[in-house]
Amino acid sequence: MKKTLVLLFCGVQFLFAQISTRRDSLIFELSLQPQDTTRLEILQSLMDEVSLTDPKLGLEYSLEMTELSEKANYKLGIAKGYDGQAYFYGVLGDFDKSLDLYMKLIPVYVELDSMDLLASTYSAIGYHYMKIGKPDLCLYYSFKGLDLNILVHDTVATTNSLIIIGGCLLYTSDAADE
């Protein structure tokens, strides 16, 4: 039993060391890049790396991504920067700021004709409305996300939309019982 726990502990330590090494490598690579759009892919990777461990740092990366993309008038980069900001503000508990940013994304994704990203945004908006106790808006946006996820044949995102809808319905049911 002790041997198993020691091996498990060593495995976890190894995993965290790998994550830290990857992040360090990305930070070093970022430091070598000029202050232009060549940094965007690295910033996206850094946002992904810290998404579950350091949302404040992720927010910094997403702000930089947005700023660089705005300077270059690169709409997809701007949208990904806003998406990152919205995600990290949500993780940090600022749902109003997160919702504002997600709402900004809708016309950008419509203009870019990016139905998969638009679907994801609608689902995220629905989720946030569930978190702040607005089940009617949760259902409205979640069903919009569900429709688009079905349209683009994304079964994983469709499942996620259905889970959010279930949460909204559960919240509505619980509120009706009180």
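Helices (H or I, at least four residues) and strands (E, at least two) are taken here as DSSP runs, numbered from the N terminus. Asn73, for instance, lies in the loop between H3 and H4. The model is predicted: local features need pLDDT of at least 70, side-chain atom pairs count only at pLDDT 80 or more, and totals for chains, interfaces and linings use all residues. Residues are numbered from 1 along each chain as its sequence is written, and side-chain values use heavy atoms, with hydrogens and water left out.

**Salt bridges**

- A salt bridge is a side-chain nitrogen of Lys or Arg within 4 Å of a carboxyl oxygen of Asp or Glu, and by this rule the count comes to two.
- Side chains of opposite charge can pair when their charged atoms come close.
- Lys71 and Glu67 are separated by about one helical turn because they sit four residues apart in helix H3 (residues 55-72).
- Accessibility is given as relative accessible area (1.4 Å probe, protein chains only), where buried means under 20%, exposed over 50%, and partly exposed in between.
- Lys71 is exposed, with a relative accessible area of 64%, while Glu67 is partly exposed at 45%.
- The side chains of Lys75 and Glu111 form a salt bridge as well, at 3.7 Å from N to O.
- This pair links distant parts of the chain, with Lys75 in helix H4 (residues 75-91) and Glu111 in helix H5 (residues 95-111), 36 residues apart.
- Lys75 counts as partly exposed at 33% relative accessibility, and Glu111 counts as exposed at 54%.

**A buried threonine**

- Thr121 belongs to helix H6 (residues 115-131) and counts as buried, at 1% relative accessibility.
- With neighbours within four places in sequence left aside, Thr121 is in contact with Tyr102, Leu105, Ile106 and Tyr109, contact meaning heavy atoms within 4.5 Å.

**Positive phi in loops**

- Most residues other than glycine have a negative phi.
- Asn73 has a positive phi, near 55 degrees, and is a residue other than glycine.
- At 56% relative accessibility, Asn73 is classed as exposed.
- His153, which is not a glycine, has a positive phi of about 60 degrees.
- The loop between helix H7 (135-151) and helix H8 (155-177) holds His153, and this residue counts as exposed at 69% relative accessibility.
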